[in-house]
Amino acid sequence: MASPAGSIVLRHGPLECGISPSCGGSITRLMLYRDEQPPIHLMRPAQPQGIDRSDPNDMSCHPLVPFSNRIAGSHFVFHGRAVDLPPNAPFIQDVIHGHGWKTPWNVVEQDDQTALLSFSHEADCWPYPYRATQRFHLDEDSLSITLELANLGDLPMPAGLGLHPYFPKPLGTTLTAELDGVWLGDDRHIPVERVPLPIGWDFPHGIALDEAVLDNNFTGWSGLAAIDWPSAGTRLTVEATPPFRHAVIYVPAHQDYFCFEPVSHMTDAVNRAATGESGTGFAELAPGQVFGGTIRFKVSSLR
């Protein structure tokens, strides 16, 4: 696959990772090359039309900063200040996923195995200036991404981080994740009720995704998940440090991909925390404070 102008390609051993700084600092491919066998896409490859349109929704993975998923009504009040944000995605009335996925990132450092990207946000309708960074590092068997968010302003700011990877879903794909509950949502996917995991969503013991249809926030994630592709004899393990202890699982109907999104907080955490809801993952950064963690995607053989 040719690399578009301005893209980055990291290579180490059998792994290759393509990155598009200009398209939201997104990953365009993560591939495992095998001797005498076809390569495996460990993330859904970027769609050609998405690259042409520079659309992060069509990439392999994009960052979520300075918050994950939706803020209900695109409105919140923080430290007595009302904040109203414009919707930023077609057909969605609530603001979603923050700024990082819609913003070109700068390349700060780069070599064969590592790339450091950054962007800075000036205060606007989101009245909190900040700097975000992504450090990609490719090992023999894994890709690690360290996300950080620094408050550059003089006031506290609400904060969140996450990744939005898209994974292939061939027949027999299984997802296993140590989770303890799920938020049921309304027709806009805003959480309304937290319940224990239903029997059909028993992710701690692994579920096949062939017939699954999901778009929910899950709680109590241990920071460990596994994606098994039996047809390829391959497992991809997702390992995350704190603060990534929530997950969004998106399995659309009649599609050949799904998303397992490691995130630091539930959807609409800034509003839920304001009501006194506990366990939201909501974070508040003091001026100058840095917030972040690392997510690792490790490939191995199924035995």
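Residues are numbered from 1 along each chain as its sequence is written, and side-chain values use heavy atoms, with hydrogens and water left out. Because the model is predicted, local features need pLDDT of at least 70 and side-chain atom pairs count only at pLDDT 80 or more, whereas totals for chains, interfaces and linings use all residues.

View 1. The largest pocket has a volume of about 410 Å³. On a 1 Å grid over the protein atoms alone, a pocket is an open set of points with protein on both sides within 12 Å along at least five of seven lines, a cavity is a set of points where a 1.4 Å probe fits but cannot get out, and lining residues have an atom within 4 Å of a point. Grid points are joined across faces, edges and corners, and a volume is the space filled by probe spheres set on the points. Of the 20 lining residues of the largest pocket, Asn-57, Ile-92, His-164, Tyr-166 and Tyr-250 are the closest to its centre. Two or more lining residues come from each of β15 (162–168), β23 (246–251) and β24 (257–263), where strands are DSSP runs (E, at least two residues) and helices likewise (H or I, at least four), numbered from the N terminus.

**View 2. The largest cavity.** At least two lining residues are supplied by each of β6 (70–71), β14 (157–159) and α2 (269–274).

**View 3. The second largest cavity.** About 70 Å³ of space lies in the second largest cavity. Among the 13 residues that line this cavity, His-189, Asp-215, Asn-216, Asn-217 and Thr-267 are the closest to its centre. The elements β17 (181–185) and β20 (214–219) give two or more residues to the lining.

View 4. The search of the whole structure finds zero disulfides, a disulfide being a pair of cysteine sulfur atoms within 2.5 Å. For Cys-61, the nearest cysteine sulfur is that of Cys-17, 8.8 Å away. Cys-61 counts as buried because its relative accessibility is 2%, buried meaning under 20% relative accessible area, exposed over 50% and partly exposed in between (1.4 Å probe, protein chains only). For Cys-259, the nearest cysteine sulfur is that of Cys-61, 9.1 Å away, and Cys-259, at 0% relative accessibility, also counts as buried.
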